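Here are my quick notes, point by point. Have the model open while you read.

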Amino acid sequence: MLLHFYKMNGAGNDFVVVDNRDLALQLTGEQIALLCDRHRGIGADGLLAVEPAEQGADFKFRYYNADGGEAEMCGNGARCFGRFTSALMEIEPDRVTFETIAGILAAEIVDDHIRIAMSDPKDLQMETGAQLPGWESPLSFINTGVPHVVAFVDDLAGTDVFALGRAIRHHDAFSPAGTNANFATVLAPGHIAIRTYERGVEDETLACGTGMVACALIHHLRSGDPSPIRVDVKGGDTLEIGFEAVGDGSFKEVTLTGPADFIFEGDIEI
Ligand SMILES: N[C@@H](CCC[C@H](N)C(=O)O)C(=O)O
């Protein structure tokens, strides 16, 4: 069977995107992993499928990591989904809504960027108490649609994101679901830089949207820096996280604003 696909990226986090509004496509985890394989397939950090809505939104959002497993949400993917579905609807809507496992989200076009209205974060722990050999500083946790550990470091460039990220991702404290692992450093008031090891990619990626949100919110709780927080990512982009801090450690009106771009489209035999 010939599959028509689109390739997109959000701040360097790249995705295969398929239009499955007719639900004709039933991809297996193995097929998704092969499509995302950078040597034997198209190559991507994950796959996004547009499906028909079931709860009254415009579309249903399905997201699969590069290993073929489904995840609840993907921030960079959500911006690409917003850009893609705006084009699909063949109008210029300023707001598209979509159902994810993490809740109903909205995407709006802001200048040339896409802004996602995120689900409310949950499960905050400023100090998880999880121990890593040779690691002293606190490992914080927050679920911003998917689970994230956040650690602040002085030397971000010198941090072994792969080794430490993998140890955190598989740490007993976060099992059985596992977690994404982020390392962040403060650049200036309201401005941080981060690097992320992604669950399901099992490596560092150029950017992780839900990870940026997690780091920005933990940064706010550590420093008191107000919304919005700017976040530099490994791919070179700077994104903006907006939020309303409720005061008891919870947040509402969380937004993620950044780029979402088409790269190419094509057909592949599956
Ligand atoms: N790239 C993402 C997160 C995708 C899901 C994640 N790897 C997980 O399994 O939790 C983003 O931009 O948020």
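**Notes on the ligand site**

1. The mean pLDDT of the chain comes out at 96, with 99% of its residues at 70 or more; pLDDT is the predictor's confidence in each residue, from 0 to 100. The scores are ipTM 0.97 and pTM 0.97. This is a predicted model, where local features need pLDDT of at least 70, side-chain atom pairs count only at pLDDT 80 or more, and totals for chains, interfaces and linings use all residues. Numbering starts from 1 along each chain as its sequence is written.

2. Around the ligand sit 16 residues, the closest being G75, N76, V146, G209 and T210 (near means a C-beta atom, placed from the backbone, within 6 Å). Two or more shell residues come from each of α2 (75-88) and α4 (209-223), and α2 gives the most, with 3. Helices here are DSSP runs of H or I, at least four residues, numbered from the N terminus.

3. By class, the shell has 5 nonpolar, 9 polar and 2 charged residues. Ala, Val, Leu, Ile, Met, Phe, Trp, Tyr, Cys and Pro count as nonpolar, Asp, Glu, Lys and Arg as charged, and the others, Gly among them, as polar.

4. Why does the ligand lie between domain 1 (2-119 + 260-265) and domain 2 (122-258)? Because both domains give residues to its shell; the bounds come from an automatic or database domain assignment.

5. On the α2 side, G75, N76, A78 and R79 meet G209, T210, M212 and V213 of α4 (contact: C-beta atoms, placed from the backbone, within 7 Å). That contact has 3 nonpolar, 4 polar and 1 charged residues.

How values were computed. Contact = placed C-beta atoms within 7 Å.
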